[in-house]
Amino acid sequence: MFKRRTRFIKGYLFAAPLLVVLAVAVLFPALYNLGIAFSNFDPMSNVWQFSGVQNFAKLGNSPFFWNSFKVTLLWVVGNVSLQLVIGLAIALGLNSIIRFRGPFTGILLIPWISSFVVVGILFIWIYDPQMGVLNDILLRLGLIERPVAWLASPQLAQISLIVANTWKFFPLVMITLLAGLQDVSPELLEATQVDGANWLGTFRMVILPTILPSISTGVLLSTIWAYNSFTLPIVMTGGGPLRATEIFGLHIFKLAFDAFDFGAAAAASLVLFTQILIVILLYLKVVERD
Amino acid sequence: MSLKLSKRARRRLTKGFVYVFLVAASAVVIFPYLWMALTSFKPIEEFFTYPLQWFSRNWTLAQYAGVLEDPKFLTCLWNSLLVSSIVTAVSLVLSIPAAYGLTRLRAPGGKSILVGILSSQFFPPMIFFVPFYIILSKFKLLNTISGLVFAYLSVTLPICTWMVATTFRNIPRELEEAARVDGCGDIKTIFEVVLRMSLPGILTAGLFAFVLAWQEYIFALLYTTTTAAQTAPVLLFYYLGQHQIDYGRLMAAAILLSLPIIFPFAFMQRYFRQGRGEGSIKG
């Protein structure tokens, strides 16, 4: 009995410094943010005044807020689906080979480890209308007749940005699915093939059901990171053209540091947070059902 | 003519397709870096040729010289190094004993605390934009290295703790018990058994913290304004904002900035491939 007690105390004694720092650096700021969202806060005079949902009402009336809401939704759906398709295709490829699997996986993980700013710069340079290599390749192949300004029109900029972000993030989905594919039973796979099922049939009947949990995890992770994005859009387009790429992260940034409306920025960050929580809850529900 | 292939031939053909596909995917992954490297060795005149000249006729190191002679870049590089090293050291010093306490000493509720700590990793950084700004300005920490360290710890601590805890959990408990039977105290057990056995995992966690801090960009952009604390990624952003963007210099700087994380990556990728690094880099 006594021994258990000392263990209890000791365990927390060891953890105490970390827990204190986390309380100061994570928990307190998060709660502080909550407070700011529900008050009228003047950073200059440091006067707090409870204002209820006034900040949220202000957001609801702002067309820019709804614009970023829509842009974010598009951004998340575009990124997640593209990353899932590419990540799954590559994971299946990697899983079906033995030779060179390590080197291929290593290379394909490079984007994930790349710094966001560097990725942004890489793609600005590739997309550049005059000096960019993308136009150069497409022109040489005869696929386009004149250079395209990839980041200059709203829709094209949205797509170009999603492509760049997918380049950066597909490895996360890939590696998650690759781990899931290890659970596919070889006996079952062989049995289906002996039965004469074609590739698609095998995939649907054996592989897909097994990796469904990994797919949910992959979708969850890529959804969260898509919602949390900030760097690529601010580096590549600054939210433009015509706010077409102003996802939530950027909108909150502008509210806080261009308009200095801390209350609205905090409120918008809570809206973002809530969306992520909903996604996580959905995920937990799906996982529980299985 | 109907194409009838034996089963073996068909299998080989499929395999061939898979390899072609993977080579193509790898090419798409490597190409942007290759292109950046090719650009960084070009003299500026060759940027504007039409059609583009992929390989330089006059290879030059001028872009690199330009970057390395820029005192601003060197200062920012030093700031990056300083912040990343401090963040790594602090993260490890805090997370190792905590992970030990929560997993090995079986503190009740330790598991849920760990999960709670990990889940904070998924918080959008945007909820910290305003509070960090206010806190840092109150304590006069805006535009200082210490201020950045404070902000970065919110990112590195959760992931470091989780990684170290995972490593600790994989050490057979018998070894530890044996050490205790031999009369080792807590501290001695930690140093002689646990730390030695989990050194690779701890190194990986440290490297991870370093890489995260080295690449961090959001907080550095928000809370630094001068080279007193500006890190290299932020400087790159300012290079971009200039009226006449000097792409050659930008590419050279981006290469120099990427190099320090290529080597840790070679070491870390084994860890990633085990799928344990799921959901890590934050941006």
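The questions and answers below concern this model.

Modeller: This is a predicted model, in which local features need pLDDT of at least 70, side-chain atom pairs count only at pLDDT 80 or more, and totals for chains, interfaces and linings use all residues. Residues are numbered from 1 along each chain as its sequence is written, while chains are lettered from A and ligands numbered from 1 in the order in which they are written.

Colleague: How many helices are there in chain B?

Modeller: Helices (H or I, at least four residues) and strands (E, at least two) are DSSP runs, numbered from the N terminus. Chain B has 0 strands, and its count of helices is 12.

Colleague: Why is chain B more spread out than a compact globule?

Modeller: The radius of gyration is taken over C-alpha atoms, and the globule rule is 2.2 Å times the number of residues to the power 0.38. For 283 residues that rule gives 19 Å, so chain B counts as more spread out because its radius of gyration is well over this, at 24 Å.

Colleague: Which helix of chain B gives the most to the side that touches chain A?

Modeller: Residues are in contact if their C-beta atoms, placed from the backbone, lie within 7 Å. The contact takes 72 residues from chain A and 73 residues from chain B. Among the helices of chain B that each supply at least two residues are helix 3 (71–104) and helix 12 (247–273). The most, 12 residues, comes from helix 1.

Colleague: Which residue of strand 2 of chain A stands opposite S39(A)?

Modeller: Two strands pair if DSSP finds at least two bridges between them. Strand 1 (residues 39–42) and strand 2 (residues 47–50) of chain A pair in the antiparallel sense over 4 bridges. Opposite S39(A) stands F50(A).

Key
Contact = placed C-beta atoms within 7 Å.
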